[in-house]
Amino acid sequence: MPRRQQHHHLRHFVVSRHELRWSAASLAIITVAVLALRPERDSIDPGTVALIMLFAPLVASLASLRVAIASAVLSAVVFNYVFTEPYNSLEVREATSVVALVVYLTIAMAVGVVVARMRRHAAVSDTRAAQALLLRDLTIDLVRQNVWLQPPLSSALNDIVEVL
């Protein structure tokens, strides 16, 4: 396999600094939640703990979808290990706990997908806005420099402004 193709496949495993920062923030949220809530785990409703733990994948989704999914899986495992009986075990004894973990993972991943799509759409929107400004500036420069084209271009520009 050519060297260039080998590196192309490795690109999927490279983690950016941006992703590392948000991963660290997500991990910190999981750690703080465990340290703060573990002493009270017998008196706190597991649903409340799950909602608090969802904050980690939400923060991670600001990095990328893959970081959000990794955070969702990690927080689900930590939630199961620390906050569901039997404590300090990955064993799931009750059917309701299985359903709760599946729902938790589904919601966490859905949040990651939605935020990732929103970020992607915002980036596309920003690019299109920059392109529109550039086209506007080029049109204005063209109209100012060409006396012969000035009346029809000015009229067309006014029509475009009215439509937008």
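This is a predicted model: local features need pLDDT of at least 70, side-chain atom pairs count only at pLDDT 80 or more; totals for chains, interfaces and linings use all residues.
## Helix 2

Helix 2 runs over residues 17–37, 21 residues in total. From first C-alpha to last, helix 2 reaches 30 Å, close to the 30 Å expected at 1.5 Å a residue.

Its buried residues are E19, S26, I30, A33, V34 and L37. They lie on the same side of helix 2, because they cover an arc of only 100 degrees around the axis. An α-helix has 3.6 residues a turn, so residues three or four places apart point the same way. The buried residues of helix 2 pack against helix 3 (46–53), helix 4 (55–60) and helix 5 (65–83). On the face turned away from the buried side are the exposed residues R17, L20, R21, V32, L35 and A36.

## Loop between helix 2 and helix 3

I44 is located in this loop. I44 counts as partly exposed because its relative accessibility is 21%, and buried means under 20%.

Apart from neighbours within four places in sequence, I44 is in contact with L37 and V49. L37 is also one of the buried residues of helix 2. I44 and F83 are 39 residues apart in sequence, with a C-alpha to C-alpha distance of 9.3 Å.

## Loop between helix 5 and helix 6

P86 is placed in the loop between helix 5 and helix 6 (95–145). The peptide bond leading from E85 to P86 is cis, with omega near -5 degrees.

N88 is found in the loop between helix 5 and helix 6 as well. N88 is not a glycine, yet has a positive phi of about 55 degrees. Most residues other than glycine have a negative phi, and most peptide bonds are trans. With a relative accessible area of 36%, N88 is partly exposed.

Definitions and conventions
Residues are numbered from 1 along each chain as its sequence is written. Side-chain values use heavy atoms; hydrogens and water are left out. Helices (H or I, at least four residues) and strands (E, at least two) are DSSP runs, numbered from the N terminus. The expected span of a helix is 1.5 Å times one less than its number of residues. Buried means under 20% relative accessible area, exposed over 50%, partly exposed in between (1.4 Å probe, protein chains only). The arc is that of the directions from the helix axis to the C-beta atoms. Contact means heavy atoms within 4.5 Å.
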